[in-house]
Amino acid sequence: MRMALSDWQPLPIPPLLWLNTGVLVLSSIAMQCASLAARKGQVDMVRLGLASAGLTALAFLVGQLMAWRELSADGYFLASNPANSFFYLLTGMHGLHILGGLVGLGRTTVGAWNGARPQRLRLSVELCAMYWHFLLFVWLAIFALLAGWASTLIDICRGLLT
Amino acid sequence: MAVALVLVLIVVGSVLFHFLSPWWWTPIASNWDYIDNTIIITFWITGVVFAAVVLFMAYCVFRFRHREGNQAAYEPENRRLESWLTVVTAVGVTALLVPGLFVWSRFVNVPSDATEVEVVGQQWQWSFRLPGKDGKLGTSDTRDVNAENPLGVIAADANGQDDVVVEAADLHLPVGKPVKMLLRSIDVLHDFYVPEFRAKMDMIPGSVTYFWFTPTKTGTFQVLCAELCGQGHPMMHGVVMVDTQEDYLAWLGQQQTFAQLSAPQQMGSAE
Amino acid sequence: MVDITPADAVPPAEVAEMELYHPHSWWTKYVFSQDAKVIAIQYSATATAIGMVALVLSWLMRLQLGFPGTFDFITPEAYYQFITMHGMIMVIYLLTALFLGGFGNYLIPLMVGARDMVFPYVNMLSYWIYLLAVLVLVSSFFAPGGPTGAGWTLYPPQAIMTGTPGGQDWGIILMLVSLILFIIGFTMGGLNYVVTVLQGRTRGMTLMRLPLTVWGIFTATVMALLAFPALFVACVMMLLDRALGTSFFMPAIVEMGEQLQHGGGSPILFQHLFWFFGHPEVYIVALPAFGIVSDLISTHARKNIFGYRMMVWAIVGIGALSFVVWAHHMYVSGMHPYFGFFFATTTLIIAVPTAIKVYNWVLTLWRGDIHLTIPMLFALAFIVTFVNGGLTGLFLGNVVVDVPLSDTMFVVAHFHMVMGVAPIIVIFGAIYHWYPKVTGRMLNETLGRFHFWVTFLGAYLIFFPMHYLGLMGVPRRYNELTDMTVMTESAHHLNSFISIMAFIVGFAQIVFLFNLIWSIRHGREAGGNPWRATTLEWQTAETPPGHGNFGKDLPIVYRWAYDYSVPGAKEDFIPQNVPGSFGPSREPA
Ligand code: HEM
Ligand SMILES: [Cu+2]
Ligand SMILES: [Cu+2]
């Protein structure tokens with residue numbers, strides 16, 4: 001029996017997140033192009049794909065940071081209530097994973113420019129692409145959760161857990 | 001040889017210890033002898049399995065120990081034996097589980113005639129609240145806890161005004177009447193545990209948990225806290241007295257209600 | 001049943017020979033080594049060292065419990081700090097690290113016929129991060145306020161509040177940081193073990209020819225990779241609650257008459273996260289022990305393990321099931337009571353594959369040729385303690401029986417028997433078994449037998465009577481058992497007896513450590529295969545095996561790991577890399 005307290009106050013989702021989502025989708029598409037090109041051995045296309053995927057992913061991160069700033073400017077701080085905390089935790093963790101991915105992508109990109117062995121390049125690009133799609137998928141799930149289903153889901157869980 | 005003998009001694013010793021040692025559960029003082037019976041069933045089934053496995057091992061060690069010229073058998077598997085053992089085990093496990101689940105469904109379904117008693121834990125003492133004449137407990141909120149309102153009863157709730165508040169003192173219960181213990185904490189986890197009642201449940205800040213039982217013996221029982229709650233945890237003792245109906249009513253008559261306790265404070269704050 | 005491939009047909013090489021990293025200096029050879037065997041020894045030494053700390057802490061606790069009021073320096077705060085550090089060190093920093101980081105690193109490449117782990121550099125990193133985690137943990141002993149005293153379960157809210165030692169000081173922060181580091185380090189090692197088992201096996205080493213040791217460690221690693229993330233996020237969230245004032249686990253709280261800033265969080269959420277990790281953790285420790293003990297029994301009873309396929313499926317099945325039983329640790333936590341029905345059922349179902357494993361061990365003894373060597377003695381002791389602890393698990397898993405017993409000494413006795421004594425005993429057996437491979441010398445036999453008897457009988461005498469204290473209703477995590485009606489005079493005597501036994505058992509471990517060090521130089525020369533065992537690690541050209549494990553060519557595997565006493569064969573064992581058939585092969589296909 002959870003005491004009925006209205007302590008879960010979902011925070012408004014900044015519209016910027018929609019834009020960020022679009023940017024991340026673009027990033028994934030670019031990775032997919034690079035991966036296809038690597039399979040065909042078109043090094044130029046690979047380079048183009050990798051570079052644009054990296055730049056769009058960076059743009060996504062900047063966008064996320066701006067969304068955070070917007071929220072805290074409106075008084076929604078990390079510790080204000082658990083809904084906020086979860087928002088920052090999930091987006092933050094996801095952002096860290098993207099950052100980690102960018103390190104890997106950076107190494108692959110350098111390899112693509114410095115003439116890595118085609119087979120090795122292809123493997124790296126394919127692995128990066130897989131990771132990128134995975135992170136996109138995770139982001140979509142997080143976004144859906146935060147955008148609206150979170151409150152309902154929490155209510156259900158709360159019912160179950162206590 | 002010595003090894004086989006020690007294995008046998010372990011079984012014999014364990015069984016003798018079980019039956020002869022003075023250490024056994026405290027005499028029960030509630031309706032939960034169902035639980036005791038389930039424990040006894042479990043002791044029998046598991047005891048037999050333990051003895052069988054270890055004695056079989058002892059036999060193997062004795063009979064198949066290495067001697068010059070021995071050769072082990074070569075038998076990778078034996079489907080029939082393996083399925084047979086699986087089935088027997090499954091039956092034994094079911095024999096444990098089914099009575100257990102029956103008793104559990106009794107444990108979680110509170111009889112409708114149970115009276116509610118609230119227990120509030122805090123570092124490191126127990127307080128209690130009983131419904132007043134209306135038979136209903138008022139709602140509470142940790143945010144409302146302060147020196148005058150130690151249990152955080154919501155003053156605006158009319159049901160709470162006649163609640164009997166027993167702050168950091170002994171709880172009395174009438175014998176033979178089922179009670180539903182509503183458990184609450186205002187700081188950390190605690191657990192209301194009276195070994196003689198067999199039942200226990202954690203108390204969680206922000207939630208109300210419960211268990212129920214019927215006291216079956218009059219007497220004085222010690223409450224222990226059974227969930228680590230900081231350094232005062234082992235000192236967090238309390239007392240439950242199970243009284244006859246008359247003694248209980250006499251005790252109840254001496255207790256103060258929430259309204260009585262907060263009256264002077266309300267005057268004070270009216271200035 | 002019958003193997004249809006002719007025994008000497010060998011599949012072609014699938015994997016190219018691995019390029020080894022060749023160390024250039026003493027530093028890269030012995031310290032920053034990328035050789036899994038060196039990393040294994042580093043892991044084991046570190047785990048043993050920190051384990052000794054946990055052992056000493058257990059003595060201090062037993063002093064307090066057995067002789068209350070005699071030792072003033074063991075204040076309640078200190079007792080809770082000892083308990084917490086003892087439990088956490090034993091479970092995570094000793095057992096997990098030793099089984100996976102120690103035995104996993106040493107045995108996986110050797111047993112599957114690989115030159116090294118697949119990612120040696122990451123493997124090395126894994127150890128150094130583990131060491132860092134241990135150092136952070138140890139540093140909390142010296143931090144202001146001392147280590148955390150929240151109990152190894154670290155339940156909030158108390159874990160981060162003033163009433164708990166270290167709650168508002170450095171203790172809890174260092175503990176959480178250390179766990180986070182441990183998990184990062186473990187993940188690096190764990191990925192390595194999994195990939196090596198899947199991709200690094202030599203020719204002919206099919207999955208169904210793997211020794212059970214590898215199966216046990218492999219499955220445990222997969223489980224750990226799935227379970228540790230839950231602990232990881234729980235640690236991160238609690239760290240945020242403690243350091244930045246968030247309220248993931250913190251509802252509205254009045255502490256010592258003062259309203260705290262927190263509100264809205266759920267303490268139960270932490271328990272779910274913790275036990276979603278914590279229950280699999282029990283099996284992360286148990287499965288390697290299961291695997292190792294199977295190989296010990298088979299080798300020293302000179303008989304194939306009975307029901308190999310069943311054993312593999314039981315390991316995998318237990319691994320999978322153990323992810324749906326976690327809330328049996330929360331029967332009286334106040335979660336929805338109807339969960340009890342579900343979790344009691346899943347918990348008792350897990351008993352079936354576990355029982356099958358026990359049957360197969362004792363059936364391996366049946367009609368064997370049992371050599372009562374020290375590893376065999378430990379294996380027998382394991383079965384006794386594991387069966388005992390497993391059976392008391394049926395008490396605690398059966399939800400309603402758990403109600404009076406949870407949080408009493410019965411629980412302490414149960415988990416020590418099943419995940420303390422039993423796996424440690426396997427570790428001892430394994431050390432006596434593989435020490436000759438690691439050092440080239442045997443451990444001293446007399447000291448070994450002394451160590452065995454004192455440890456086994458002593459541990460049984462400590463923990464068997466303790467169940468009955470719990471049955472009487474004596475709660476766990478009490479540093480003072482005075483002023484309690486359930487504690488009779490005789491129960492106090494029992495407690496003193498247990499404490500004395502704990503000291504005797506502890507002393508035997510010091511004898512063991514001495515034996516470990518002394519035998520490196522003075523032990524009897526072992527030769528390459530002193531136990532006449534079949535698995536690949538005993539077939540290396542050199543003992544101890546050099547960098548790269550095997551000689552010029554990797555071994556080729558022709559048979560399963562259990563060809564002992566094959567009818568018609570000259571010797572009573574046929575190593576896995578020996579071709580040719582001896583009568584009808586009856587290796588399970
Ligand atoms: C002879 C060896 C050992 C002795 C004498 C010993 C003794 C103790 C004692 C006295 C406690 C505190 C009980 C209480 O007051 O609640 C304890 C707790 C504990 N021990 Fe051991 N122990 C030993 C070995 C182990 C091993 C090998 C493990 C590995 C699994 C282990 C894991 C734990 C855990 C997890 C706790 C619970 C800590 C807590 O309540 O937070 N112990 N032990
Ligand atoms: Cu407590
Ligand atoms: Cu469990």
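Predicted model: local features only at pLDDT ≥ 70, side-chain atom pairs only at ≥ 80, totals over all residues.
Visitor: How far does the backbone nitrogen of M335(C) lie from a polar atom of the side chain of S333(C)?
Guide: The two atoms to look for are that backbone nitrogen and a polar atom of the S333(C) side chain. Residues are numbered from 1 along each chain as its sequence is written, with chains lettered from A and ligands numbered from 1 in the order in which they are written. The distance between that nitrogen and the polar atom of S333(C) is 3.3 Å.

Visitor: Which backbone oxygen does the side chain of S333(C) reach at 2.8 Å?
Guide: S333(C) sits in the loop between helix 8 and helix 9 of chain C; helices (H or I, at least four residues) and strands (E, at least two) are DSSP runs, numbered from the N terminus. The oxygen reached from there belongs to M330(C).

Visitor: Is S333(C) buried or exposed?
Guide: Buried means under 20% relative accessible area, exposed over 50%, and partly exposed in between, using a 1.4 Å probe and protein chains only. S333(C) has a relative accessible area of 2%, so it counts as buried.

Visitor: Which residues of chain B does S333(C) touch?
Guide: Contact here means heavy atoms within 4.5 Å. Leaving out residues up to four places away in sequence, S333(C) touches I268(C) and Q271(C), and from chain B it touches M201(B), D202(B) and I204(B).

Visitor: Which residues are the protein donors of the copper ion (ligand 3)?
Guide: Donors are N, O and S atoms within 2.8 Å of the metal (3.2 Å for Na, K and Ca), and water is not among the atoms, so sites may look incomplete. In sequence the donor residues follow the spacing H-x48-H-H. H279(C) lies in helix 7 (residues 267-300) and H328(C) in the loop between helix 8 (308-321) and helix 9 (339-365), so this pair ties together parts of chain C that are 49 residues apart in sequence. Lying 1.6 to 2.0 Å from the copper, the donors are H279(C) (ND1), H328(C) (NE2) and H329(C) (NE2).

Visitor: How much area is buried between chain C and chain B?
Guide: Buried area is the accessible area (1.4 Å probe) that two parts lose on being put together, summed over both. Here 119 residues of chain C are in contact with 94 of chain B. Carbon and sulfur atoms give 70% of the buried area, and the total is about 9,300 Å².

Visitor: Which residue of chain B forms a salt bridge with R367(C)?
Guide: A salt bridge is a side-chain nitrogen of Lys or Arg within 4 Å of a carboxyl oxygen of Asp or Glu. The rule finds two across the interface of chain C and chain B. For R367(C), the closest N and O atoms are 3.8 Å apart, and the partner is E75(B).

Visitor: How many salt bridges does the rule find across the interface of chain A and chain C?
Guide: This contact takes 13 residues from chain A and 19 from chain C. The two chains bury about 1,300 Å² between them, 74% of it on carbon and sulfur atoms. As for salt bridges, the count is zero.

Notes: Heavy atoms only, no water. Polar contact = N/O pair within 3.5 Å; in protein donor to acceptor, adjacent residues only side chain to side chain.
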